[in-house]
Amino acid sequence: SGSLDVFGLLTAGTQSTIKFGETGTGGKYFTGSGYVSNVKLDAPLDDVATYSATFTFDGAVTIATVGG
């Protein structure tokens, strides 16, 4: 449901807490407040569909360590 959440935030124009990055123990992730400003979906025929998103932050972005 992650892609649907991102598309919903884009169309609503809602400010949200955005958290992204690595998920394994010791990995780095980023957290900040902002908006989804663009979403791109690539769905070639008979291949894996992917999407990417662009975030516009309106304040500080913090960096933390998973499990740290």
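Reader: In which strand is S16 found?

Author: A word on the basis comes before the answer. This is a predicted model, where local features need pLDDT of at least 70, side-chain atom pairs count only at pLDDT 80 or more, and totals for chains, interfaces and linings use all residues. Residues are numbered from 1 along each chain as its sequence is written, and side-chain values use heavy atoms, with hydrogens and water left out. Helices (H or I, at least four residues) and strands (E, at least two) are DSSP runs, numbered from the N terminus, and S16 is found in strand β1.

Reader: Is S16 buried or exposed?

Author: The cut-offs are these: buried is under 20% relative accessible area, exposed is over 50%, and partly exposed is in between (1.4 Å probe, protein chains only). Accessible areas come from the Shrake-Rupley method with a 1.4 Å probe, and for residues only the protein chains shown count as cover. S16 has a relative accessible area of 16%, so it is buried.

Reader: Which residues does S16 touch, not counting those up to four places away in sequence?

Author: Contact means heavy atoms within 4.5 Å. On that basis S16 touches L9, G32, S33 and G34.

Reader: How do β1 and β2 pair?

Author: Two strands pair if DSSP finds at least two bridges between them. β1 and β2 have six bridges, and their sense is antiparallel.

Reader: Which residue of β2 does T17 stand opposite, and how exposed is that residue?

Author: T17 stands opposite S33. S33 is in contact with Q15, S16, F57, D58 and G59, leaving aside neighbours within four places in sequence. Its C-alpha is 5.9 Å from that of I18, although S33 and I18 are 15 residues apart in sequence. With a relative accessible area of 27%, S33 is partly exposed.

Reader: What is the relative accessible area of G34?

Author: G34 is found in strand β2. Leaving aside neighbours within four places in sequence, its contacts are T14, Q15, S16, I18, T56, F57 and D58. G34 is buried, and its relative accessible area is 0%.

Reader: Which residue in the hairpin of β1 and β2 takes a positive phi?

Author: This hairpin has six residues between the strands. The positive phi, near 90°, belongs to G26.

Reader: How many aromatic pairs does the structure hold, and how far apart are the ring centres of F20 and F30?

Author: Rings of Phe, Tyr and Trp (its six-membered ring) pair if their centres lie within 6.5 Å; planes under 30 degrees apart count as stacked, over 60 as edge-to-face and the rest as tilted. The structure holds four aromatic pairs. F20 and F30 form a stacked one, with 25° between the planes and a centre-to-centre distance of 5.4 Å.

Reader: Which parts does the pair of F20 and F30 tie together?

Author: F20 is partly exposed at 35% relative accessible area. F30 is partly exposed too, at 29%. The two residues are ten apart in sequence, so the pair ties together strand β1 (residues 16-21) and strand β2 (residues 28-42).

Reader: Which residues form the aromatic cluster?

Author: There is one cluster to name here. Its members are F20, F30, F55 and F57.

Reader: Over which ring does the charged end of K19 sit?

Author: A charge sits over a ring if NZ of Lys or CZ of Arg is within 6 Å of the ring centre and within 35 degrees of the ring normal. The charged end of K19 is 4.6 Å from the centre of its ring. The ring's residue has its place in strand β2, and the ring is that of Y29.

Reader: What share of the 68 residues is buried?

Author: The C-alpha atoms fill a box of roughly 40 × 30 × 15 Å along the principal axes. The accessible surface is about 4800 Å², and 55% of it belongs to carbon and sulfur atoms. Buried residues make up 15%.
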